[in-house]
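Here are some notes to read alongside the structure. Have the viewer open and follow the points in order.

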Amino acid sequence: MDEDRFDLPELLAWAQCPRDVLSWARGEASLSVSLEDVEDVMALLERAPSPEAAVWLAAVLTLPLDLIASAVIVAVETDAAAIDDALGAQACALAMDSIAGTENGEGLLAMAERCDARLSEDTAGYRERDPRQKAVATAAAAVCRAAEALGAARARIAFELEAAAAARVSILGAGSILGPSAKAIVGDRAPPFALARPAMGDKPVAHDLRAGVGLLADALTYLSDRDGVRVRDLFLDSLADD
């Protein structure tokens, strides 16, 4: 196996990250290292020039996607609280509940639409809407859609593992000997919920996982028009705390 296959820039290319992120990674000497040789994850993430790059790099470094999502949600929630945005706070709470295991795909998509609807509302009177409200509403919609995509990915992975275990039981004939518990005995262990190419072999990145990571990166990008470093650091601080 070619070890260069798992160098960080190649992992980012496999993950189909945005071109500007890949261009930065290929020009960043500190990233010319295989995944197995990374010693200080946070030190690498601190080199990311933008929140978007930090999210994608965290993902291919195989940090748990639930952890990455939670850190992004905290960043959006922080900005929502700063402007007392109740809808943004509700959206973040719903997304966090989903990441914690309370699946509600339809509710997440409906909340994302509510956030979208706010963006299309006419400004009352002659007062202009605080630009931070637009950023928070767009970011909140993105985290809800990200949580829905990651929930769908988790369900897909669970179904695939169950189907593979059932197929092995059928082939081995274990079902007639051991009964329903046979699938648990010969089944696969659930892999870490991460964007991990080594665990996927030659398979392309799964669409639902890629969509979830992309939406998380988008959410932070929406917040960072004025100060990308602040948003990146907010994400990394939350990531470190978790």
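1. Let's begin with Ser-238: setting aside neighbours within four places in sequence, Ser-238 is in contact with Ser-70, Ala-71 and Val-74. Ser-238 belongs to helix α12, which spans residues 228-241. Please keep in mind that this is a predicted model. Ser-238 has a relative accessible area of 8%, so it is buried; the cut-off for that word is under 20%.

2. The largest nonpolar core has 75 residues, and Leu-8, Ile-68, Leu-195 and Phe-235 touch the most other members. Helix α8 (residues 131-172) gives the most to this core, contributing 13 residues.

3. Apart from neighbours within four places in sequence, its contacts are Val-55, Ala-58, Ala-59, Leu-63, Leu-216, Phe-235 and Leu-239. One of these, Phe-235, is also among the residues that touch the most other members of the core.

4. Now for a loop residue. Asp-85 is placed between α5 (65-82) and α6 (86-99). Is Asp-85 buried or exposed? Asp-85 counts as buried because its relative accessibility is 5%. Its side chain reaches the backbone nitrogen of Gly-88 at 2.8 Å. Leaving out neighbours within four places in sequence, Asp-85 is in contact with Ala-80, Arg-118, Gln-133 and Val-136.

5. Finally, the rings. Searching the whole structure turns up zero aromatic pairs.

Key. Residues numbered from 1 in each chain as written. Predicted model: local features only at pLDDT ≥ 70, side-chain atom pairs only at ≥ 80, totals over all residues. Heavy atoms only, no water. Phe/Tyr/Trp six-rings, centres within 6.5 Å; stacked < 30°, edge-to-face > 60°. Helix = DSSP H or I, 4+ residues; strand = E, 2+ residues; numbered from the N terminus. Buried < 20%, exposed > 50% of the residue type's maximum accessible area, 1.4 Å probe, protein only. Polar contact = N/O pair within 3.5 Å; in protein donor to acceptor, adjacent residues only side chain to side chain. Contact = heavy atoms within 4.5 Å. Core = buried A, V, L, I, M, F, W, Y, C linked by side-chain atoms within 4.5 Å.
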